[in-house]
Amino acid sequence: MTVRVRFAPSPTGYLHIGGARTALYNYLYAKATAGTFVLRIEDTDLERSNAEYEKLQIDDLKWLGIIHDEGPDKPNPKYAPYRQSERAEIYKKYALTLIEKGLAYYDFCTEEELEAMKEKAAAEGRDPVYEGKWKDPAFHKEALERISKGETPAIRFRAPKKAYTLEDRVKGRVVYPEGMVGDFVIVRSNGLPVYNFCCVIDDHLMDITHVIRGEDHLNNTVRQLMIYEALGAKTPEFAHVSLLIGHDRQKLSKRHGATSVNLYRNEHYLPEAMCNYLCLLGWSHPTERDIFDKKDIVDVFSLDRFSASAAMYDLEKLKWVNSEHIKKMDNAALILLIEKEPETDFFTKQTADWKNSCVELLKKYAHFITDFPKLVNELILNDDPEKTDAFKEITSWETTPKIMSFISDEVSKVNEEFINEAVLNGWMDYVKKEMGVKGKPLFQGVRAALTGHDHGPDLKFLIPLTPVSVLKKRITHLKK
RNA sequence: GCUCCCAUCGUCUAGCCCGGUCUAGGACAUCGCCUUUUCACGGCGGUAACAGGGGUUCGAAUCCCCUUGGGAGUACCA
């Protein structure tokens, strides 16, 4: 049987990091098994759902390269529609069938009555279990009469009195004891079905074979198991992936800061790096590789390598993963991305060779794409660097003023736009041989004279990238 | 409260299912050292963990129980 998995977001906000991770796992599993990845929109909570968010979430998924095979925009007639709000008739039909079979019933209970039951249960130290009179089949006739008069009851599922067992692919065997949940609502009094009900019907009707989702659904699963049973449907395999937590070890949420995918997208993080990092949070590569693309792991991706415990979301490691992906990228691709950044006019105007050398040099220092323009400005275009203590220290050495004046003379003689490495080497040789300076005073001195800094990338690569006009201005400023 | 889940370096994790090869491995971060200077590069190295207690066993990070700690769920939200 071919694998069918799904990601089922609620369009109630931006795509969340945690959602992106479960979507990614589903996507990878589909790719690994040559299965189908379905996108379903769970918008039964009309008040919170918003079509705009649906679009934004799909955009973010696309950006991450998590592309669905079926969904509202790519319907397979056999399974459409893919929005729960468009499937109301289906749910209604199933709910009515359950009532006919005596597996569910109409419930006119008021909020107050429900509240009283909950309090009683809490006082007795057990889970709240529905005990209203409508549970009794004897009241079915009365219910029908009230409905005919225009009243709209909720529909409640009759929870079987027995324990349920789930063989979860990441948690192992989970036993839900008898009485863990009481009769629960499957259709609200406003006629709209609730999550636990829709989810099961859709997964069943859409032939979903594996449900990979967050651990926050683990307790829900017992309700879903009951419905599968009532429907006489085959239950899919479940894999409840551990949650992502923030630094306070609480479930990751908005208050932990940047938890929406679009924030990273706006900051121009590399989508592959994002996926790579997210994948690593709770899943491990069989050979302990930690830098990879989706295509590198589809062959080895399996449900057996999930960690059962929660993982802390850590920006530091994401930063490192992003920098590793930058190093891995080829220069041409990098140049394209850099030119899309703001304030890259100078960069864009340079020759292909210059750009290539520049990117080759700077890519090992950049953690983010946005670092490139910053590095170009700081390292190459800054003609008035701040005189740091380290710079002053170097200029206090007796050899440094001589080096500075020599370099200054040489640079002022240059007419080309850029100097090449050989010219720089000539200056170095002169200082070394004719002035008798070597080692630290040599390199540090020449660096200070040309850049005003005590550290930075290799001079023999940096200086040929620096316009001589900038060098001239910079030297003038440094002399003051 | 109740139910479920979880527990290896500060963090992500390998190992755990199928006990001995684990004086517990890797990665991030951190610290130190090395390099014709410097480094935000690279190389080398260091600090740093099996939550605690009982079992079972010749032997336990690995199996069982308890305690503690953490998380999630307890809706006519998803």
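A residue counts as buried when its relative accessible area is under 20%, as exposed when that area is over 50%, and as partly exposed in between (1.4 Å probe, protein chains only). The model looked at here is predicted, so to speak: local features need pLDDT of at least 70, side-chain atom pairs count only at pLDDT 80 or more, and totals for chains, interfaces and linings use all residues. Residues are numbered from 1 along each chain as its sequence is written, and side-chain values use heavy atoms, with hydrogens and water left out.

Salt bridges come first. The term stands for a side-chain nitrogen of Lys or Arg within 4 Å of a carboxyl oxygen of Asp or Glu, and the count by that rule is 35. Take Arg6 and Asp203, whose side chains pair up at 2.9 Å, N to O. This bridge ties together distant parts of the chain, with Arg6 in strand β1 (residues 4-7) and Asp203 in helix α6 (residues 195-205), 197 residues apart. Helices (H or I, at least four residues) and strands (E, at least two) are DSSP runs, numbered from the N terminus. Arg6 and Asp203 are both buried.

Asp60 and Arg265 make another such link, at 2.8 Å from N to O. Asp60 sits in helix α2 (residues 51-64) and Arg265 in helix α8 (residues 261-266), 205 residues apart. Asp60 is buried, at 2% relative accessible area, while Arg265, at 31%, is partly exposed.

Glu324 and Lys327 keep things local: both belong to helix α11 (residues 315-328), three residues apart, or about one turn of the helix. An α-helix has 3.6 residues a turn, so residues three or four places apart point the same way. The closest N and O atoms of the Glu324 and Lys327 salt bridge are 3.3 Å apart. Glu324 is partly exposed at 23% relative accessible area, and so is Lys327 at 35%. Elsewhere, salt bridges with shared partners join Arg6, Arg40, Glu42, Arg87, Asp202 and Asp203 into one network.

Next up is helix α19, made of the twelve residues 440-451. From first C-alpha to last, α19 reaches 16 Å, close to the 16 Å expected (1.5 Å times one less than the number of residues). Nine of the twelve residues are buried, leaving α19 mostly covered; among them are Leu442, Val446, Arg447 and Leu450. The cover over the buried residues includes α16 (389-395), α17 (400-413), α18 (421-434), α20 (459-462) and α21 (468-479), where contact means heavy atoms within 4.5 Å.

Technical notes: Chains are lettered from A and ligands numbered from 1 in the order in which they are written.
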